[in-house]
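Please look over the sequence and the model shown here before reading on. The notes after it are grouped by topic.

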Amino acid sequence: MLQDKIILQKKTKTGMRDVDVKALLIQLTQNGPFVNMVMKTGSQDSIKPELVFADIMAFNSLEYRRDDVSICREELYGPDMIPLIDYQVI
């Protein structure tokens with residue numbers, strides 16, 4: 001991720017808008033055929049991991065076929081990067 005910004009087009013209710021995805025990526029690693037992403041998400045700035053992955057493939061001049069990709073959300077984190085399952089309800 002050598003680029004200063006990674007701009008993707010995000011579809012919204014009012015049309016398309018540019019989103020700097022690099023600001024949302026906390027971690028991006030590859031382990032063999034697997035790509036792991038840790039991304040920020042929220043009501044304003046969330047983006048589908050599928051769009052990020054498709055852009056990474058295009059940036060590397062690789063073909064992206066949705067049927068060849070499986071996306072699995074493994075965990076959710078709070079704002080301090082503590083897994084939500086570890087939060088205590090008061």
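Predicted model: local features only at pLDDT ≥ 70, side-chain atom pairs only at ≥ 80, totals over all residues.

Residues are numbered from 1 along each chain as its sequence is written, and side-chain values use heavy atoms, with hydrogens and water left out.

**Helix 1**

- Helices (H or I, at least four residues) and strands (E, at least two) are DSSP runs, numbered from the N terminus.
- Val52, Phe53 and Met57 of helix 1 are buried, where buried means under 20% relative accessible area, exposed over 50% and partly exposed in between (1.4 Å probe, protein chains only).
- These residues lie on the same side of helix 1 because they cover an arc of only 135 degrees around the axis; the arc is that of the directions from the helix axis to the C-beta atoms.
- Strand 1 (7-12), strand 3 (25-31) and strand 4 are included in what covers the buried residues of helix 1.
- The exposed residues Ala58 and Phe59 are carried on the face of helix 1 turned away from its buried side.

**Methionine 37**

- Strand 4 (residues 34-39) contains methionine 37, which is partly exposed with a relative accessible area of 24%.
- Leaving aside residues up to four places away in sequence, methionine 37 touches Leu25, Gln27, Leu28, Pro49, Val52 and Phe53; a contact means heavy atoms within 4.5 Å.
- Methionine 37 and arginine 73 are 36 residues apart along the chain, and their C-alpha atoms are separated by 9.5 Å.

**The largest pocket**

- A pocket is found on a 1 Å grid over the protein atoms alone, as an open set of points where a 1.4 Å probe fits, with protein on both sides within 12 Å along at least five of seven lines; lining residues have an atom within 4 Å of a point.
- The volume of the largest pocket is about 1,400 Å³, a volume being the space filled by probe spheres set on the points, with grid points joined across faces, edges and corners.
- Its lining has 34 residues, and those nearest the centre of the pocket are Asn36, Met37, Val38, Pro49 and Cys72.
- At least two lining residues come from each of strand 3, strand 4 and helix 1, and strand 4 gives the most, with 6 residues.
- The lining consists of 21 nonpolar, 8 polar and 5 charged residues. Ala, Val, Leu, Ile, Met, Phe, Trp, Tyr, Cys and Pro count as nonpolar, Asp, Glu, Lys and Arg as charged, and the others, Gly among them, as polar.

**Salt bridges**

- The whole structure has 2 salt bridges, each a side-chain nitrogen of Lys or Arg within 4 Å of a carboxyl oxygen of Asp or Glu.
- One joins arginine 66 and glutamate 50, at 3.0 Å from N to O. This pair links distant parts of the chain, 16 residues apart: glutamate 50 is in helix 1 (49-59) and arginine 66 in the segment after it.
- Arginine 66 is partly exposed at 38% relative accessibility, and glutamate 50 is partly exposed at 28%.
- Arginine 65 and aspartate 68 form a salt bridge with their closest N and O atoms 2.5 Å apart. Arginine 65 is partly exposed at 45%, whereas aspartate 68 is exposed at 52%.

**Serine 61**

- Serine 61 lies in the segment after helix 1 and is exposed, with a relative accessible area of 69%.
- Although serine 61 is not a glycine, its phi is positive, at about 55 degrees.
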